[in-house]
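Hi,

Here is the structure I promised to pass on. Have a look at it first, and then read on for what turned up.

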Amino acid sequence: MINAGDPVGSRFVASLARPGGDLTGTSAAGEEALSKQVELLSAAVPQLKRVSVLTSSANPANRFFFDAMSLRARTLGLRIDRIDVEAEGELEEAIARAKGGALVVVNDPRFFQDRVRIIELTRRSQVPSIFGDREYVAAGGLMSYISSNAWHWRSAASFVDKILKGAKPADIAVEQPTKFELVINLKTAKALGLTISQSLRQQARRR
């Protein structure tokens, strides 16, 4: 598995250290990275009071994502809402519900496929948003914060090498990323009326 959302909660593996079955690989952002997305939105949007989290009802990792973000939101004094969608046709209403606050779009293949539409809707509703892939920012989204896809694929190659040499997946610990990158679209920030602080700009440059 590569970049799996919540491998333990989804019952793909027994634990990260000892998978215990025929599956191992890399997991997606852990709780710290998910919390960081909420923190970054709070830093980018002055007087932010409410954060909405856009999730796909078909993704079993949704609860893990939302719970991790909720903990950080509470420490920042933010109200946090979860917005589930089942079909593409629900996106417009879902994103409109986030108006007046900010939005986290969880890293989900379904959302990635609809990323251009999602970005159009967030900009139309003037909703500052953070995403789980830099491709959203390249398409006009405000910010992304996530581990490098290149790291996941390089790690996957090392897993394949170990298994081909006789190692059992059950005994190979699931790896979690330790390096993340922040990407900010300053043109989008300006369109939203946001001034990105020097501190956030430096974090983006440090990746």
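A quick definition to start: a salt bridge here is a side-chain nitrogen of Lys or Arg within 4 Å of a carboxyl oxygen of Asp or Glu. Please keep in mind that this is a predicted model, where local features need pLDDT of at least 70 and side-chain atom pairs count only at pLDDT 80 or more, while totals for chains, interfaces and linings use all residues. Residues are numbered from 1 along each chain as its sequence is written, and side-chain values use heavy atoms, with hydrogens and water left out.

Salt bridges, then. The structure holds 10 of them. One joins Glu92 to Arg117, at 3.4 Å from N to O. Glu92 belongs to helix H3 (residues 91-96) and Arg117 to helix H5 (residues 115-124), so this pair links distant parts of the chain, 25 residues apart (helices, H or I with at least four residues, and strands, E with at least two, are DSSP runs numbered from the N terminus). Glu92 is partly exposed at 40% relative accessibility, and Arg117 is partly exposed too, at 29% (buried means under 20% relative accessible area, exposed over 50%, partly exposed in between, with a 1.4 Å probe and protein chains only).

Another salt bridge is Glu181 with Arg134, where the closest N and O atoms are 3.2 Å apart. Glu181 lies in strand E6 and Arg134 in helix H6, so the pair ties together parts that are 47 residues apart in sequence. Glu181 counts as buried at 9% relative accessibility, whereas Arg134 is partly exposed at 39%. There is also a network of salt bridges linking Lys36, Glu39 and Arg72.

Next, the aromatics. Rings of Phe, Tyr and Trp (its six-membered ring) pair if their centres lie within 6.5 Å; planes under 30 degrees apart count as stacked, over 60 as edge-to-face and the rest as tilted. By this rule the count comes to three aromatic pairs. Phe112 and Tyr136 make an edge-to-face pair, 6.0 Å centre to centre with 80° between the planes. Phe112 sits in helix H4 (residues 109-113) and Tyr136 in helix H6 (residues 134-138), so the pair ties together parts 24 residues apart in sequence. Tyr136 is buried, at 1% relative accessible area. Tyr145 and Phe180 are stacked, 5.6 Å centre to centre with 20° between the planes, and they link strand E5 (residues 143-147) to strand E6 (residues 180-184) across 35 residues. Ring pairs also link Phe112, Phe131 and Tyr136 into a cluster.

Last, helix H2 (residues 62-75). Its 14 residues should span 20 Å at 1.5 Å a residue, and the end C-alpha atoms are 21 Å apart, which agrees (the expected span is 1.5 Å times one less than the number of residues). The buried residues of H2, which include Phe64, Phe65 and Met69, pack against helix H1 (31-44), strand E1 (50-56), strand E2 (79-85) and strand E3 (102-105). Leaving out residues up to four places away in sequence, Met69 touches residues including Leu34, Val53, Ile80 and Val104 (contact means heavy atoms within 4.5 Å). After H2 comes Gly77, with a positive phi near 75°.

Cheers
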